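Subject: Structure handover

Hi,

Here is the structure for you to look over. My notes on it follow below.

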Amino acid sequence: MKKITIAIDGYSSCGKSTMAKDLAREIGYVYVDSGAMYRAVTLYALDNGIIQGDEIDEERLRAEMGNIEISFQFNPERGRPDTYLNGVCVEDRIRTLEVSNHVSPIAALGFVREAMVRQQQRMGQEGGIIMDGRDIGTTVFPNAELKIFVTASAEIRAQRRYDELKAKGEQCDFQEILRNVEERDYIDTHREISPLRQAADAIVLDNSHMTIDEQKGWLIGEYIRVACG
Ligand code: CDP
């Protein structure tokens, strides 16, 4: 079967990464969570005082982009790659609400996007890759053989994120998470560079009322249809 490129885009917290990583494991593809890369840049900016309150020191971040090295290492216990920032595993730290609250303005910066897209395209050179994010089917891999655009209602997405954080033992408030989901949707769809939008040739999946197993089955069906076709 030929090795294809699979691009999964969609709104925040709609289960893209769960379905992408499950399919990657099943078919032996590399999985890349592009959002984790924007989250790692945001964590770097928070840790180094580049973000103060709601202010981003753009010039400093631009000057320091060369010091930010992001990589992934497969974690067999979790069955998915962990994210590393300058050699340190930051998988848990990049998922906090603090990072979520600052990531979309960072991801809207042109020089940040350019650096990340370049790395992502390098990772996908050989095909056999599943990448999820906001601009994978439109900007990173416009020629991907299979493009999926995932959506679900904001309330359902916030509830999923709430359950996820609760399960990790984090203190969280549903309304605050819903606000964050809605705010990121707004910034992601309205930014100037590579806004979140459905690629013309993407297949839409509304998974509001689907279980993880149902969505997994649906995705494998789509993969077989395209890879064998
Ligand atoms: O996990 P969740 O869907 O909530 O978000 P994520 O995939 O971890 O992405 C975090 C943020 O990074 C998004 O809200 C976007 O602002 C940004 N992002 C982006 O701009 N482009 C991508 N390809 C992936 C993420």
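The largest pocket has 39 lining residues, and Ser13, Ser17, Arg95, Arg161 and Glu164 lie nearest its centre. Helices H1 (16-27), H2, H4, H7 (154-167), H8 and H9 (212-228) each give two or more residues to that lining, as does strand E8 (129-133). Helices (H or I, at least four residues) and strands (E, at least two) are DSSP runs, numbered from the N terminus. By class, the lining has 20 charged, twelve polar and seven nonpolar residues. Here Asp, Glu, Lys and Arg count as charged; Ala, Val, Leu, Ile, Met, Phe, Trp, Tyr, Cys and Pro count as nonpolar; the others, Gly among them, count as polar.

This is a predicted model: local features need pLDDT of at least 70, side-chain atom pairs count only at pLDDT 80 or more, and totals for chains, interfaces and linings use all residues. Residues are numbered from 1 along each chain as its sequence is written, and side-chain values use heavy atoms, with hydrogens and water left out.

The volume of the largest pocket is about 920 Å³. A pocket is an open set of points on a 1 Å grid over the protein atoms alone, where a 1.4 Å probe fits, with protein on both sides within 12 Å along at least five of seven lines; lining residues have an atom within 4 Å of a point. Grid points are joined across faces, edges and corners, and a volume is the space filled by probe spheres set on the points.

Now the ligand. Its space is the largest pocket (more than half of its atoms lie within 2 Å of the grid points). Around the ligand are 19 residues, with Arg39, Arg113, Asp135, Asp188 and Arg191 coming nearest (a heavy atom within 4 Å counts as near). The shell has nine charged, six polar and four nonpolar residues. H2 (34-47), H4 (97-107) and H8 (174-190) each supply at least two of the shell residues. H2 gives the most, with four.

- Asp135: a side-chain N or O atom is 2.8 Å from a ligand nitrogen.
- Asp188: a polar side-chain atom lies 2.6 Å from a ligand oxygen.
- Arg191: a side-chain N or O atom is 2.8 Å from a ligand oxygen.

The ligand taken alone exposes 530 Å², and the protein buries 96% of that (Shrake-Rupley, 1.4 Å probe).

The second largest pocket holds about 180 Å³ of space. Its lining includes Met65, Phe111, Glu114 and Arg122. That lining divides into five nonpolar, three charged and two polar residues.

Best wishes

Conventions
A polar contact is a pair of N or O atoms within 3.5 Å; within protein, one must be able to donate a hydrogen and the other to accept it, and residues adjacent in sequence count only if both atoms are side-chain atoms.
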